[in-house]
Amino acid sequence: MSSPFYEGLVLPDLVRQVSQENINKYAEASGDYNPIHINQEFAASTPLGGTIAHGMLVLAYISEMFSNTFGEHWDTTGNLSIRFRSPARPKDTLTVSSKVESVSEDDDIVCITCALSCHNQDDEVVVSGEARVRIPECR
Amino acid sequence: MPAGYDELTPGYEFPPVEYRLTAEVVAAYVEAVGATKHDHVPPLAVAAHAIGVLAELVEFPAGTIHASQEFQFTALVPVDTQVTCRAKVHRKLARGPMRMLTLDMEISDESEVLVQHGRSTVILPES
C-alpha cells in the first residue's frame with residue numbers, strides 16, 4: 001500500500017454555520033461589496049428574496065476541508081472544479097462532504113480525485129464538483 | 001473606468017493588477033472564513049482578492065451571482081507577497097434575458113512564478 005487514500009474513502013466532513021456577520025466580514029476582507037450579499041433591502045427585492053453568502057466564502061470552506069486532509073499538497077497541487085447549485089443563506093448550516101473517486105500513480109506521485117458536495121441543513125445541494133490533488137508516494 | 005458587459009469580447013485582456021497579501025489582509029480573511037491559520041496565505045485568500053480587484057475592472061451590476069469556478073493551485077504564497085493577476089474574457093453568452101460571463105485569470109508572484117490560475121463564470125441579472 002503506497003498511499004493511505006483509496007477509492008471509496010470518505011473524507012472527514014467540515015461543518016460551518018453561515019451568518020450575516022460572517023458574510024459582512026467576508027465582504028470587508030475580500031472587497032466584494034455586491035449588495036446581494038450585504039444589503040437586506042436590495043436582496044429582498046431580487047428573485048433570491050434575501051441576502052446570500054458569497055460563493056467564494058462557501059468555496060473557502062471547501063478548500064479548508066481539503067487542506068485539512070491533504071495539507072500543503074492541497075495548497076500547491078490542488079485542483080477544484082465546482083458549480084454553485086443553490087445559494088447559501090444566513091443561518092444555514094453547511095456541510096462539506098467528499099469521497100475519493102479514484103487513485104492513480106504516476107512515477108512517485110499519487111493522483112487522487114474526489115467527488116465533493118456542500119449541502120445545507122435541508123439537504124439541498126449548494127455546491128457540487130470535483131477536486132484533484134497530487135501527493136508524493138509514501139515508501 | 002470599469003468596462004461594461006457590452007464592451008467585453010472574448011479574448012479581451014484586462015490591465016494586470018497587483019496587490020500585496022499583507023499579514024493584516026490575510027488575518028482579516030482567515031477570521032472571516034474561520035479558517036485554520038497557516039504560515040502561508042490560504043490559496044482561496046489569493047483568489048478572493050483577485051476576484052475583488054477584478055470586480056473593480058468590470059461593471060458588474062448589483063445582483064450578479066457566481067455560477068461556477070475552477071482553480072488550479074501551483075505554489076505556496078508566503079504572507080506579504082505581492083502578486084499580479086492577469087485576467088481575460090474567455091466567453092460571453094446571452095440567451096434571452098440571461099447574460100453570462102466567463103473570465104480566466106492567472107496569478108503570479110514577484111518572481112513571475114505562477115501560483116494559481118482559475119476560471120470564473122458569473123450570471124448577470126436582467127438589465
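A:Arg132 comes out partly exposed in this predicted model, because its relative accessibility is 36%. Its side chain meets that of A:Glu130 in a salt bridge, 3.0 Å from N to O. A:Glu130 is partly exposed too, at 30% relative accessible area.

**Salt bridges within a chain**

- A:Arg16 and A:Glu64 pair up through their side chains, with N and O 2.8 Å apart.
- This one links distant parts of chain A: A:Arg16 sits in strand 1 and A:Glu64 in helix 4, 48 residues away.
- A:Glu64 counts as buried because its relative accessibility is 8%, while A:Arg16, at 22%, counts as partly exposed.
- Over in chain B, B:Arg20 forms a salt bridge with B:Glu110, and the closest N and O atoms are 3.7 Å apart.
- B:Arg20 is in strand 1 (residues 17-21) and B:Glu110 is in the loop between strand 4 (98-108) and strand 5 (114-124), so the bridge ties together parts of chain B that are 90 residues apart in sequence.
- B:Arg20 itself is partly exposed, with a relative accessible area of 36%.

**Where chain A meets chain B**

- The contact draws on 34 residues from chain A and 32 residues from chain B.
- About 2,600 Å² is buried between the two chains, with carbon and sulfur atoms giving 58% of that area.
- On the chain A side, A:Ala29, A:Met56 and A:Asp75 supply 22% of the area buried against chain B, more than any other three residues.
- The rule finds one salt bridge across this interface: A:Lys25 with B:Glu31, where the closest N and O atoms are 2.9 Å apart.
- A:Glu21 joins A:Lys25 and B:Glu31 in a network of salt bridges.
- There are also 14 residue pairs in polar contact across the interface.
- Helix 1 (20-30), helix 2 (35-38), helix 4 (55-70), helix 5 (72-77) and strand 2 (79-84) of chain A each put at least two residues into the side that touches chain B.
- Helix 4 of chain A gives the largest share of that side, with 10 residues.
- Sorted by class, the chain A side has 16 nonpolar, 12 polar and six charged residues.

**Helix 1 of chain A**

- Its buried residues are A:Gln20, A:Asn22, A:Ile23, A:Tyr26, A:Ala27, A:Ala29 and A:Ser30.
- Those residues pack against strand 1 (10-17), helix 2, helix 3 and helix 4 of chain A, and also against helix 1 (23-33) and helix 2 (43-57) of chain B.
- A:Gly31 follows the helix, with a positive phi near 80°.

**The nonpolar core**

- The largest nonpolar core has 76 residues, and A:Phe66 and A:Phe70 have the most contacts inside it.
- Beyond its neighbours within four places in sequence, A:Phe70 is in contact with A:Phe5, A:Leu11, A:Ile112, A:Cys114, A:Val133 and A:Ile135.

**Two local spots**

- B:Thr81 lies in strand 3 (residues 81-95) of chain B and counts as buried, at 6% relative accessibility.
- A polar atom of the B:Thr81 side chain lies 2.6 Å from the backbone oxygen of B:Pro78.
- Not counting residues up to four places away, B:Thr81 touches B:Tyr19, B:Arg20, B:Leu21, B:Asp109 and B:Glu110.
- A:Glu41, in helix 3 (residues 40-44) of chain A, is exposed, with a relative accessible area of 69%.
- A:Glu41 and A:Thr51 are 10 residues apart in sequence, and their C-alpha atoms are 8.7 Å apart in space.

How values were computed:
Residues numbered from 1 in each chain as written. Chains lettered and ligands numbered in written order. Predicted model: local features only at pLDDT ≥ 70, side-chain atom pairs only at ≥ 80, totals over all residues. Heavy atoms only, no water. Core = buried A, V, L, I, M, F, W, Y, C linked by side-chain atoms within 4.5 Å. Buried < 20%, exposed > 50% of the residue type's maximum accessible area, 1.4 Å probe, protein only. Contact = heavy atoms within 4.5 Å. Buried area = accessible area lost by both parts, 1.4 Å probe. Salt bridge = Lys/Arg side-chain N within 4 Å of Asp/Glu carboxyl O. Polar contact = N/O pair within 3.5 Å; in protein donor to acceptor, adjacent residues only side chain to side chain. Helix = DSSP H or I, 4+ residues; strand = E, 2+ residues; numbered from the N terminus. Nonpolar A, V, L, I, M, F, W, Y, C, P; charged D, E, K, R; others polar.
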